[in-house]
Amino acid sequence: MSDADADDRSADDATGEDGPDPEFVFELRTCRWAEREWPPGAGDDADDAESDRSDSRPAIVARQLGTKRRRWDTLVVEVDPEGFRRRANFGRKRLDSDLLDVIPHAPADWEYYRDALPDPGYPWRYVRETIHRADDRGILDVRKRNNRIQIRRKWAYPDWVERIVAVENKPDLDASAARDLAAQLEYDVALALADEVWVATRATGERVEPALLESVPVEAGILTIDGGAGSASGTRAGGNDPRASVEWFPRTLDVDAPGTLIRERGEVTEYGSSASQFDYADPEWKAQKRLEIAERAYEKGWRAFAETMRPDCRHFQLRREGRTLLPYCPAKACHQTSSECSGSYPEFSPEPPQWRTKNWPIEGGPGKGIRRLLEKRRERNRPG
């Protein structure tokens, strides 16, 4: 199924949409903008101090990634082009934390695995399991000599990640939302796991964007996204791709220095304030965590929303907004969220079996075609 075929089927102009779209759809617009025009400010009439921002930076975009304690809405991983191409040798699946303890340290020549690898800090039997898993994936040479497991790298693991940028999406950044968001951004700034932190909000068209007046940490940048239902421009499906304007540039965080991991914030009462609880994050932990996050972004991308929705529903469509394809539900007459698009939803109606067995309009049925189309578009930004 070609992009044109999918657009003809599912990219009709939206009508009858009232009010702003959910944050989920705003998030998809932000991802599409970042994939197309990163970095912020590129092409703008920036002054000399910011002129380096006009240079294009190759990057991959993902959504809903982070750590156990913090998940970001949009994640941009700026990559080294040559390292990115070499990363493709290891396949489309991510290298998880266990594989990252093995693959980057694999020797160029055959060597006993305990001599070749650094002490993992956990039992070696788990390392052996990881070695066999890497062998099964074809990304590590493994053999046994004198009852000892020896390993040899197939390819040197490249230094492909240059910077990681986190974006929080708040389409309606009023005072209440800003208060809730401030604590999350302060956590990001203190930990400095990402090189930059941004807030993306919907453009209002006012002379001074309200986001600039809210209690957002000065270290965080502010983007206003223009486009989509409920925006100041009034752009709707079938219109142009979203545009972004930089209202405030962020400070670059020191990812190579120790970070502060805020565990619990102190409470202020009429009797005084309680102590906060925090730990220090050493640079080695941060470097490992950044690589794990980048690997997950490489595998997932941002078009994986079809994996948590039901494109096999007869009502599921992709509607075009410029070159962006957004999920749309005619039964609800709106862009649905993942929680609304499920098998338990009352309006869910499976595709008729004949759609999938008679090759109409595409082999496997429309739902399978939508999945293939989103995967094809994701592959354009993830070689291998």
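Modeller: Let's start with tryptophan 124, which counts as buried because its relative accessibility is 18%, and buried means under 20% relative accessible area (1.4 Å probe, protein chains only). As for the ground rules, this is a predicted model, where local features need pLDDT of at least 70, side-chain atom pairs count only at pLDDT 80 or more, and totals for chains, interfaces and linings use all residues. Residues are numbered from 1 along each chain as its sequence is written, and side-chain values use heavy atoms, with hydrogens and water left out.

Colleague: Why is the pair of tyrosine 113 and tryptophan 124 called edge-to-face?

Modeller: Rings of Phe, Tyr and Trp (its six-membered ring) pair if their centres lie within 6.5 Å; planes under 30 degrees apart are stacked, over 60 edge-to-face, and the rest tilted. Here the centres are 5.7 Å apart and the planes make 70 degrees, hence edge-to-face. Tyrosine 113 sits in helix 5 (residues 113-116) and tryptophan 124 in helix 6, so the pair ties together parts 11 residues apart in sequence. Helices here are DSSP runs of H or I with at least four residues, strands are E runs of at least two, and both are numbered from the N terminus.

Colleague: And what makes tyrosine 113 buried?

Modeller: Its relative accessibility is 3%, so tyrosine 113 counts as buried.

Colleague: How do you know that threonine 130 is buried too?

Modeller: Threonine 130 comes in at 2%, so it is buried as well. Threonine 130 belongs to helix 6 (residues 124-137). Leaving out residues up to four places away in sequence, threonine 130 touches Asp98, Leu99 and Val102, where contact means heavy atoms within 4.5 Å.

Colleague: What makes strand 4 and strand 5 a pair?

Modeller: Two strands pair if DSSP finds at least two bridges between them. Strand 4 and strand 5 (residues 148-153) have 6 bridges, in the antiparallel sense, so they pass that test. Helix 6 packs on the sheet and touches both strand 4 and strand 5.

Colleague: Where is its kink centred?

Modeller: On leucine 181, with a kink of about 30 degrees in helix 7. The bend at a residue is the angle between axes fitted to the seven residues ending there and the seven starting there.

Methods. Buried < 20%, exposed > 50% of the residue type's maximum accessible area, 1.4 Å probe, protein only. Axes fitted to C-alpha atoms, helices over the stretch in contact; angles between N-to-C directions.
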